[in-house]
Amino acid sequence: MQVDRRQIQTAVLGGADSEEPLVLPLEAIELDAFRRHYDQDTFWCGLLLGGCGGQLTTKLYTDRVCHFAHHPGANAPSHRCGRRARGVASADHLYVKAAAAARLRKVGHPGDPVDFDFARPDGAEIGSVLDIRFKERGLRVHLDQTVAPVWDEDGREPVLGVSVPVDRDTLIDRWYIHRIRLDSVGTSRQVRIGTEAFMRPTEWFELEECEMTGRGLTTPAVERLVQSRSTRPVSRRSTGQARKAPAPRPAWTCCCASWRRPRNWGRCSSSPRSAARSLP
């Protein structure tokens, strides 16, 4: 099947300002079911997707992937949309925000303020970075390499997309860093959080397995790392096995004692034989 990366694969529901993202199925048979399910909804080239705010429609093909297209109208031939990110991952920042907000509502306190910001440092495209701040700490989610992560800045802990590189020294100094990925599930994207440590593969977890603590974002892998570095290693000797006592030392000491019997053993003044000759 031919893949055209210029075609639009994501939209938002209900209006240009919507934050409810949607991924269009790529196969024709799946698009038929998609159309029936969203028969009463409208699709938009959302402003938070970097789009023009125009209405979208669906295009069905059997020889290439299905996609969204701008709704035909009187000005359709002259319509120009400056949206750059159009692929399946182009709405990931909206999915991350929705998933994080749902998780914080479930485990947090109703009075705790949570602020989300689709930051654009140095003019970066919208969707490259998502800032999440609550209480006195927060996270900066880097979904691509556009904005370089800064460590230990204003209490914001970087969480890196799978394409964002991290150097060896950072992994050694910090013990671990967190990563984020999104997997396609039907017409949605599901968030996974990963923990990467030096010389260890990244371990991935459901968002429900993670939480915010005093030291920041925490996963089951982080708990194991912290515990392993704060606990003394256990002796390999089983607790029921007694340690052998050292062999008793002789009451006399030979000046030429060694692991083997010395050649001058009989002439040694401190040997048992010499000692016996000297007896009265």
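In what order do the seven strands of the open sheet stand? The order is β6-β7-β8-β9-β10-β11-β12, and the pairing is mixed. Strands here are DSSP runs of E with at least two residues, and helices are runs of H or I with at least four, numbered from the N terminus. Two strands pair if DSSP finds at least two bridges between them.

Please note that this is a predicted model, in which local features need pLDDT of at least 70, side-chain atom pairs count only at pLDDT 80 or more, and totals for chains, interfaces and linings use all residues. Residues are numbered from 1 along each chain as its sequence is written, and side-chain values use heavy atoms, without hydrogens and water.

The partner strands β6 and β7 are antiparallel, with four bridges, and Val114 stands opposite Phe134 in β7.

We now turn to β10. With β9 (residues 156-161), β10 runs parallel, joined by three bridges; Gly161 stands opposite Ile180 in β10. With β11, the pairing is antiparallel over 10 bridges, and His178 stands opposite Thr195 in β11. The hairpin of β10 and β11 has two residues between the strands, and Gly186 takes a positive phi near 65 degrees there.

Finally, consider helix α2. Its 16 residues (92-107) should span 22 Å at 1.5 Å a residue, and the end C-alpha atoms are 23 Å apart, which agrees; the expected span is 1.5 Å times one less than the number of residues.
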